[in-house]
Amino acid sequence: MYWSQMSFFTNSHKGDRARIADLQAAFDTEDNDECVRKILEKGIVQVSAAEKRQEVERIFKRIVQLIHKTYLNPSNGLPHPVNRIETALHDVKFHPDPMKEPDRQVDDALKKLLGILPLAR
């Protein structure tokens, strides 16, 4: 494999390389290939705060679009404007989960909007 020349870091920003004892403690092995295999199988991808914010915003907008397409304002039979739905969700402090699909979070958003924004199917 290509991994035999790979370096592991305890702090990549400072350039601190992991010692063999660190690899042994973390992965129960000193073999680079085995360490990489364990990282790929069980590791968690770390994303920056900016990437996470973008993903949360994307999910939030998708939830708003789903509500806009599916639910109507019962007083006039028209969909609520997207801006009104966004404002209402912000007012009730709805925060989407970046690890869940937007479709699965619509019900949570609707529960929070209950009593704030009249909605009908």
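Analyst: Rings of Phe, Tyr and Trp (its six-membered ring) count as a pair if their centres lie within 6.5 Å; planes under 30 degrees apart are stacked, over 60 edge-to-face, and the rest tilted. With that rule, a search of the whole structure finds 1 aromatic pair. Phe-8 and Phe-27 form this pair. The model is predicted, so local features need pLDDT of at least 70 and side-chain atom pairs pLDDT 80 or more, while totals for chains, interfaces and linings use all residues. Residues are numbered from 1 along each chain as its sequence is written, and side-chain values use heavy atoms, with hydrogens and water left out.

User: What makes the pair of Phe-8 and Phe-27 tilted?

Analyst: The centres of Phe-8 and Phe-27 are 6.2 Å apart, with 50° between the planes.

User: Which parts of the chain does the pair tie together?

Analyst: Phe-8 lies in the segment before β1 (9-11) and Phe-27 in helix α1, so the pair ties together parts 19 residues apart in sequence. Helices (H or I, at least four residues) and strands (E, at least two) are DSSP runs, numbered from the N terminus.

User: Why are Phe-8 and Phe-27 called buried?

Analyst: Buried means under 20% relative accessible area, exposed over 50%, and partly exposed in between (1.4 Å probe, protein chains only). Phe-8 has 12%, so it counts as buried. Phe-27 has 18% and therefore counts as buried too.

User: How do you know whether Asp-28 is buried or exposed?

Analyst: The relative accessible area of Asp-28 is 60%, and the cut-off for exposed is over 50%, so Asp-28 is exposed. Asp-28 sits in the loop between α1 (20-27) and α2 (32-42). Its phi is positive, about 60°, although Asp-28 is not a glycine.

User: Where is Lys-93, and why is Lys-93 called exposed?

Analyst: Lys-93 is in the loop between α4 (82-91) and α5 (106-113). Its relative accessibility is 57%, so Lys-93 counts as exposed. Lys-93 also has a positive phi of about 60° without being a glycine.

User: How do you know that the buried residues of α2 line one face of the helix?

Analyst: Those residues are Asn-32, Asp-33, Cys-35 and Val-36. Seen down the axis of α2, they fall within an arc of 160°, so they line one face. The arc is that of the directions from the helix axis to the C-beta atoms. The face turned away from the buried side of α2 carries the exposed residues Glu-41 and Lys-42.

User: Why is Glu-34 called partly exposed?

Analyst: Glu-34 lies in helix α2. At 27% relative accessibility, Glu-34 falls between the cut-offs of 20% and 50%, so it counts as partly exposed.

User: How does the radius of gyration of the chain compare with that of a compact globule?

Analyst: A compact globule of 121 residues would have a radius of gyration near 14 Å, but the chain has 23 Å. The radius is taken over C-alpha atoms, and the globule rule is 2.2 Å times the number of residues to the power 0.38. The C-alpha atoms fill a box of roughly 70 × 25 × 20 Å along the principal axes. Of the 121 residues, 26% count as buried.
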